[in-house]
Amino acid sequence: MTSTSWRRNVKVTGLYSSANDLNSWAYLSGVGWRKVCDDTRTVSETMLGQLTFAKSAGTPISVFDAANEIREIYA
Amino acid sequence: MTTSNGMPTITDTQTDELPEGGPSEGFIADAEAVSVADAPPELIPPEESAAAGERGVTAWLTNTRIIGVWSNSSNKNSFINIKDVGWRRLNPAGENAVVAMTMLASHARADDRNVTVRVESDNLVHELYVW
């Protein structure tokens, strides 16, 4: 289902990247896989860095989920 | 050659090369021509499904660990040491892809997390999950 909403207090329980540029994904607990915003390389890498920190620390985060793409993060 | 803790040493000539003690030179294929579809991940975290990780495909290394990471001053020249497998290069087809996979591999290494890795016959890492 495509939706746009804030996902609050979710944890990152999985991360995925492949050999394709701008193709990183995060698994949000209770939500599923969401693509890390791929607007630019810098955006993708900074957001992936924040998501990696959140997963490593087990910190609940809030993300803006726009059509299955993570476009904003509070961690 | 490796240091006493098993990590690869950095050579004087910082070229696009393998970590010392790694596979032979013929190991690196023409990675620029290698790519995978820009597709979403297929697996889900093990805690989300007991069936996760059971792929039965030899190229998939499931529920393993990364015991070393290596890079040098060459672009897109990042390797990971997969437990019981050895050093494998992250597919250098894309700059962002190498950065992303290195970030994930470093997290897995630092926190000793389970990973699922797809290594193809070219001995390059094409996909990386960290759980």
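**Helix and interface**

Author: Start just after H1(B): Asp112(B) there takes a positive phi of about 55 degrees. Keep in mind that this is a predicted model.

Reader: Back up to helix H1 of chain B. Which residues does it cover, and how far apart are its end C-alpha atoms?

Author: H1(B) covers residues 95–111, and its end C-alpha atoms are 25 Å apart. That agrees with expectation, because 17 residues at 1.5 Å a residue should span 24 Å.

Reader: Is H1(B) mostly covered or mostly open?

Author: Mostly covered. Of the 17 residues in H1(B), 12 are buried.

Reader: Which ones are buried in H1(B)?

Author: There is a run from Asn96(B), Ala97(B), Val98(B) and Val99(B) through Ala100(B), Met101(B), Thr102(B), Met103(B), Leu104(B) and Ala105(B). His107(B) and Ala108(B) are buried too.

Reader: New topic, the contact. How many residues does each chain put in?

Author: Chain A gives 24 residues and chain B gives 29 residues.

Reader: Which elements give two or more residues on the chain A side?

Author: Strands E2 (12–18), E3 (24–28) and E4 (32–36), plus helix H1 (41–57), all of chain A. H1(A) gives the most, with 8 residues.

Reader: And by class, what is on that side of chain A?

Author: The side touching chain B has 11 polar, 8 nonpolar and 5 charged residues.

Reader: What does E2(A) pair with in chain B?

Author: Strand E6 of chain B, residues 124–130. The two run antiparallel, joined by 4 bridges.

Reader: Which residue stands opposite Ser17(A)?

Author: Leu128(B), in E6(B).

Conventions. Residues are numbered from 1 along each chain as its sequence is written. Chains are lettered from A and ligands numbered from 1 in the order in which they are written. This is a predicted model: local features need pLDDT of at least 70, side-chain atom pairs count only at pLDDT 80 or more; totals for chains, interfaces and linings use all residues. Two residues are in contact if their C-beta atoms, placed from the backbone, lie within 7 Å. Ala, Val, Leu, Ile, Met, Phe, Trp, Tyr, Cys and Pro count as nonpolar, Asp, Glu, Lys and Arg as charged, and the others, Gly among them, as polar. Two strands pair if DSSP finds at least two bridges between them. The expected span of a helix is 1.5 Å times one less than its number of residues. A residue is buried if 20 or more other C-beta atoms lie within 10 Å of its own, exposed if 12 or fewer, and partly exposed in between; C-beta atoms are placed from the backbone.
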